[in-house]
Amino acid sequence: MTIIGIAGGTGSGKTTVVKKIAAALPPHFVAVVPLDSYYNDTSSMTEEERHAINFDHPDAFDWKLLAKQLNDLRNGKAIEQPTYSYLLCNRLKETVHVEPRPVIIIEGIMTLLNKKLRDLMDLKIFVDADSDERLIRNIQRDVIERGRTVDMVIDRYLQVLKPMHEQFIEPTKKYADLIIPQGGENIKGIGILCRYIETLVATKE
C-alpha cells in the first residue's frame, strides 16, 4: 500500500489534484481520506459553543482517530470513516465504509502537520496557490455550498484563515517531497506526479 499526504491552504486546489490523481490510476485503485471528516465530535457542546470553534486550528481535529484508521487501512482492515456537517458543526451519525486500496490519499489543509501521520506517508505533497486565488475560491465555495455572504467569507478569511494559514499551514511546506504551484491548474506538474505515483505503486507490488 502507498500512502500519500496532500496538504495546502483552503482553496489551493487540493481536491482538484486528488481527483486528477485518482482519474489517472486504475478504477477502484484509490481511497481518499479527507482530513475534514475528522473534526472532533462536538455532541456534548451547545450550538453556540460549536459555532465558536476555530476549524482552522490543529486542536479542531481528532488526530488519534485518524491515525488509528489509517493504521487499520494499512493493515488491510476496512474502516467506518466519520462524516461531518459544516452546517451543524458536528459529526453526523452516518459513516462512510472505506476498503483498503493500493493507494490511500490523505487530503486536507494540515495533512503534513502531524508527525505521526507524516511517518506513515510514502509521499508528501503541498499544493500551493497565490493568496488572492485562494480567497476567490473560498468566496465561490462558501457562498454556493455553505450559504455565507461575501462579507462573511472575507471577514473570516482576514480574521481566521489568513493567520491560521501563516501559523500552521505554510510552515508545513518544508515537509513536502513535492510542491505543486498553481494548484489544480498545473497540468504538467500533476501529470509528472501521477507517473511517479504509478512507479511508486509498481515497486510495492
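Which residue takes a positive phi in the hairpin of E3 and E4? Keep that one in mind for a moment, everyone, and welcome. One thing before we go on: what you see above is a predicted model.

Now, the answer is Cys89, with a positive phi near 55 degrees. The hairpin around Cys89 has 4 residues between its strands. Let's look at those two strands. Strand E3 covers residues 79–85 and strand E4 covers residues 90–98, and they pair in the antiparallel sense over 6 bridges.

Is Gln81 buried or exposed? Gln81 has a relative accessible area of 5%, and because buried means under 20%, Gln81 counts as buried. What surrounds Gln81, then, once we leave aside its neighbours within four places in sequence? Its contacts include Val32, Val33 and Pro34, then Ser37, Tyr38 and Gln69. Gln81 also touches Thr95, Val96 and Val98.

Let's zoom in on the E7 end. Strand E6, residues 123–127, pairs with E7 in the parallel sense over 3 bridges. Within that region, Ile125 stands opposite Leu178 in E7.

On to charges. The general idea is that side chains of opposite charge can pair when their charged atoms come close. How many salt bridges does a search of the whole structure find? It finds 7. I'll show you a few of them.

We start with Arg91, which forms a salt bridge with Asp62, their closest N and O atoms being 2.9 Å apart. This pair links distant parts of the chain: Arg91 is in strand E4, Asp62 is in the loop between helix H2 (47–51) and helix H3 (63–74), and 29 residues separate them.

Then there is the salt bridge where the side chains of Lys124 and Asp177 meet, at 3.7 Å from N to O. Here too distant parts of the chain are linked, with Lys124 in strand E6 and Asp177 in the loop between H6 and E7, 53 residues apart. The surroundings of the two partners are worth a look. Lys124 is buried, at a relative accessible area of 15%, whereas Asp177 is partly exposed, at 46%.

Another salt bridge joins Glu170 and Lys173, with the closest N and O atoms 2.7 Å apart. Glu170 is partly exposed, at 31% relative accessible area. Salt bridges that share partners join Asp128, Glu170 and Lys173 into one network.

Let's move to the helices. Ile190 has its place in helix H7, residues 187–204, and it is buried, with a relative accessible area of 4%. In sequence, Ile190 and Ile21 are 169 residues apart, yet in space they are 7.4 Å apart, C-alpha to C-alpha. Leaving aside neighbours within four places in sequence, Ile190 is in contact with Val17, Lys20, Gly183 and Gly184.

Helix H6 holds Lys162, which is partly exposed at 34% relative accessible area. Lys162 and Thr10 are 152 residues apart in sequence and 9.6 Å apart in space, C-alpha to C-alpha.

Last stop, the surface. Which residues form a nonpolar patch there? They are Val143, Val150, Ile154 and Leu158, with about 290 Å² of accessible area together. Helix H6, residues 150–169, gives the largest share of the patch, 3 residues. Val143, for its part, sits in helix H5, residues 131–145, and counts as partly exposed at 33% relative accessibility.

Terms used. Residues are numbered from 1 along each chain as its sequence is written. This is a predicted model: local features need pLDDT of at least 70, side-chain atom pairs count only at pLDDT 80 or more; totals for chains, interfaces and linings use all residues. Side-chain values use heavy atoms; hydrogens and water are left out. Patches are made of residues with over 30% relative accessible area and no salt bridge: like charges are joined within 9 Å, nonpolar side chains (Val, Leu, Ile, Met, Phe, Trp, Tyr) within 5 Å. Accessible areas come from the Shrake-Rupley method with a 1.4 Å probe; for residues, only the protein chains shown count as cover. A salt bridge is a side-chain nitrogen of Lys or Arg within 4 Å of a carboxyl oxygen of Asp or Glu. Buried means under 20% relative accessible area, exposed over 50%, partly exposed in between (1.4 Å probe, protein chains only). Two strands pair if DSSP finds at least two bridges between them. Contact means heavy atoms within 4.5 Å.
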